Amino acid sequence: MTNYSIAFDPFLPWPVIWIALALAVLLSGIIIALRTRGSILRALAFLALAIALANPVISQEDRTALPTSVAIIVDESQSQRLDGRTETTAQAVERLTANFERYDQFDVRVIETARTETANTQTETRLFEALRSVFRDVPPARIGGAVFITDGQVHDVPNISEALGFDAPVHALITGHPDEYDRKVQLVETPRFAIVGDPVQVSYRIEHQGDVPQGNENVEVSIYRNGELLAIEQALANETFEAEIELDRSGKNIIEFATDEIDGELTGNNNRAVVRIEGIRENLRVLLVSGEPHSGERTWRNLLKSDASVDLVHFTILRPPEKQDGTPINELSLIAFPTRELFVERIEDFDLIVFDRYQNRNVLPVLYYDYIAEYVRNGGALLIAAGDEYAGDTSVARTPLFNALPAVPTGQVQMAGYYPRISDDGKRHPVTRDLPGGATEPPNWGRWFRTVDVQDVKGTTIMQAANDKPLLVLDEYGEGRVGLMLSDHGWLWARGFEGGGPHVNLYRRLAHWLMKEPDLEAEALTAEPDGQALKVSRQTMADAADAVTIIAPDGQEIILELQKTDEGLFEGTYETNQIGLFEISDATKSTLAHIGPINAPEFRDMISTADILKPYLDEVRGDTRRLLNDDGDINVPNILPIRSNVETSGRDWIGFKMTKETELRGINRQGVFAGFLGLGLLLLAFSAMWYREGK
């Protein structure tokens, strides 16, 4: 592109030039008025001389037209992965880019949103934010417009009165089908914390979006607690209902609401919703029954009373019924042992029963031991802290409690110093795996001196005495759990004998395992979000852990291999750019995890629509149309450069405003009276004047 212009570069100051020009005009006027021969030629010669002093210069500008910047904003949010929208988007981008390439004057910028964003920002589809970002380095006059390729679920649409910062059309090509419908579970009000054992209210809503076929208004909702089916309720679509849920354990509880899919619905991935509720035990109720006063009794009592979350009921049998020493009843500092109240009427109120060196001396009727066994079978917890009495004729192993116990005494008691050692199974069990001091040989703690010999061990031995004999045995009985400590010398650690030992850690973990603390489960599969990654952990007593299957929110299945990080502990990390509910499972265990906010806008509405974008795009002279026609074929409009702002789209085309901006590449300057050409013009003017005067 070449432009010409004329300018002046005077040889003399402008005032002198103006005086010379005025004199030339005055003289020319006089000679013309006197009608002197050759007056016209004289006037032209004078004017030529004055103009020559002004030095007129012709400028030739070499300019190049600048390209028009346009943007293709591609919605890569999670809702775009449904129902073939990803393939539709990819084809639309390819065809649209090819249409732009037919015009050299377009500088096309393609930006994909939600590709590298964090989980927090992925909860919304922010296309206008991306639009402002892509044109940040472009002057407004060079922007020709933009086109969105999206399902229409956009969460940052400006107000109608809010300008984009440039004057050019913005179009939208909508993926998805116009007749879509979907069902989803929406949690309305959910608590973050709840007391274990107390009912808590969770409100939910089954929403139908789009033109859902008739006959699907009544919905069956399944409610799960930590993978266990709690209830099946009937609900009506688009109405809010409340469910009453009772937590059964402290720590993390996953409550899931699930419904069946409707035939032909957009996606079944949002037919489930979960809420994580932290269970808080109001108070752990522990019944400690000591058979007789001994040094270890104080250890158990102090440990349990030091925990503010434990309500302890402690009885010590100081005087067995058969002992008669003549002491008057009113002088005994004892209360009657409320056996019936504790072991019949209120036994279910206790989370743990501890028999500390207790022996059967007719304080409890034989039938009551059967009640205790039934209590454990129904989900209770029992710990036997045994001394030499466990090997004698009055052992509780010789009562109906026998069926619940994990080992039977042989009648022998070993009295010799030994280091309690963690067994091979104990190195994998959460109760003793990383017990301080247990990793060395010998262990870095003090010795014990008594062990009760047992046989027919049914449970898992996690600690051993001398000659690899069982010391601490754990077992499950029915729905409950039993622990058997085959020595009463744990108090030596509490007294600091030979450096003491981790009695607090051991006893506390043991008690919480018996009460089914989730973090101490020997077989567990857990998953937690770690930023934009899913961290999977498998606790197992086996030598290896199977790979886990992860089902992502979009339905994709991923196999994740777990690596050993400690004895009995295997972990793996899955990096993802998705948010939503993930299902993780192996051959025996399953769990759920949620990345990102539970009620994210990205999953609030997933039906493709043009209604959200159309009002604003109409205001900026843009067009909104669907990519798929009635036959399911992709219909990408043609591209048309436009100069006018009147029409920006047509039946099969969308327009983009062309810029008028140019770039100056160089300037050539040529003086009119410079060189031989200028000298020749002046000589011609004066020669013509003299020639005319000579006639």
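Strand E26 (residues 533–539) and strand E30 (residues 569–575) lie antiparallel to each other, paired over 7 bridges. Strands here are DSSP runs of E, at least two residues long, numbered from the N terminus, and two of them pair if DSSP finds at least two bridges between them. This is a predicted model, in which local features need pLDDT of at least 70, side-chain atom pairs count only at pLDDT 80 or more, and totals for chains, interfaces and linings use all residues. Residues are numbered from 1 along each chain as its sequence is written, and side-chain values use heavy atoms, with hydrogens and water left out.

**The open sheet**

- If you start at Ala 533, you will find its bridge partner in E30 at Glu 575.
- E26 and E30 belong to an open sheet of 4 strands with antiparallel pairing, in the order E25-E26-E30-E29.
- Strand E25 (524–529) and strand E29 (563–566) are at the edges with a single partner strand each, so one side of each has no neighbour in the sheet.
- From one strand to the next the twist averages 30°, where axes are lines fitted to C-alpha atoms and angles run from 0 to 180 degrees between N-to-C directions.

**Strand E31 and its partners**

- Strand E31 (residues 580–585) pairs with strand E27 (residues 548–551) in the antiparallel sense, over 3 bridges.
- Within that pairing, look for Glu 583 of E31 opposite Ile 551.
- E31 also runs antiparallel to strand E32 (residues 590–595), and 6 bridges join the two.
- Here Ala 593 in E32 is the residue opposite Phe 582.
- The link from E31 to E32 is a hairpin through 4 residues.
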